Amino acid sequence: YALNSDMQIHALYSSGGISRSSGSGTTSLDSSSTTIGATLRYFPSENYGWYVGGGGGMLSASQSLKQSVYCWSSSFSSLNPDECSGKEGTTISASTDSTYSGLALWGDFGWQGYDGYYFTIGAKVGTSMKLSEDDKTDEAIDVYDHKSFAKSDWDKIKSPTGLIMSFGWHF
């Protein structure tokens, strides 16, 4: 929505995620987030379409990790995680689900073209402030970097930072 020739308000709905799985299919890690909010954009020049802006809204994130790990016996048992103690020669399973909700704040910059429609390409950089979090990443079985990937993806998915590419029509 154009406030004047220099300023616009844009509604924002953004969703994304990260999915990983082991080559054998025994482990899957799915992380996703959704951001809903509004951005105020300032256009220093009407002729070029470049803008800077800032906004805020709500961010929610979730992560699901499903693991199936074979516990080695005999000479390979030193490769086993602690959870395999006493379970050598069997397969153990684990599943974790984490959730997060927070307030998100961001700054954005980019270019917006228009001629009866809008095309935007840009980037937003921001942070979120936790309202609630149920982080289960510490419960992952620590084998083959599964726990470190879960923790890394969990930290990334809770941020509103990312690239922007959007299409729309003005009215």
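**Reading contacts and accessibility**

User: What relative accessible area does Lys 136 have, and how is the residue classed?

Analyst: Lys 136 has a relative accessible area of 26% and is partly exposed. Buried denotes under 20%, exposed over 50%, and partly exposed the range in between, with a 1.4 Å probe and protein chains only. The structure is a predicted model, in which local features need pLDDT of at least 70 and side-chain atom pairs pLDDT 80 or more, while totals for chains, interfaces and linings use all residues. Residues are numbered from 1 along each chain as its sequence is written, and side-chain values use heavy atoms, without hydrogens and water.

User: With which residue does Lys 136 form a salt bridge?

Analyst: A salt bridge requires a side-chain nitrogen of Lys or Arg within 4 Å of a carboxyl oxygen of Asp or Glu. The side chain of Lys 136 meets that of Glu 139 at 4.0 Å, N to O. Glu 139 is partly exposed at 48% relative accessibility.

User: How many salt bridges does the structure hold, and which parts does the pair of Asp 153 and Arg 20 tie together?

Analyst: The structure holds 7 salt bridges. In one of them, Asp 153 and Arg 20 are 2.7 Å apart, N to O. Because Asp 153 lies in helix α1 and Arg 20 in strand β1 (residues 7–21), this pair ties together parts 133 residues apart in sequence. Helices (H or I, at least four residues) and strands (E, at least two) are DSSP runs numbered from the N terminus. Asp 153 is buried, with a relative accessible area of 0%, whereas Arg 20 is partly exposed at 31%.

User: Are Asp 108 and Arg 41 buried or exposed?

Analyst: Both Asp 108 and Arg 41 are buried. Their salt bridge has its closest N and O atoms 3.6 Å apart. It links strand β4, which holds Asp 108, to strand β2 (residues 27–42), which holds Arg 41, across 67 residues. Elsewhere, Lys 130, Glu 133 and Lys 158 are linked in a network of salt bridges.

User: Which residues are joined by a disulfide, and why is it left-handed?

Analyst: A disulfide is a pair of cysteine sulfur atoms within 2.5 Å. The whole structure contains 1 disulfide, which joins Cys 71 to Cys 84 with an S to S distance of 2.0 Å. The torsion about its S-S bond is about -70°, so the disulfide is left-handed. Cys 71 and Cys 84 are 13 residues apart, each in the loop between β3 (50–70) and β4 (91–114). Both Cys 71 and Cys 84 are buried.
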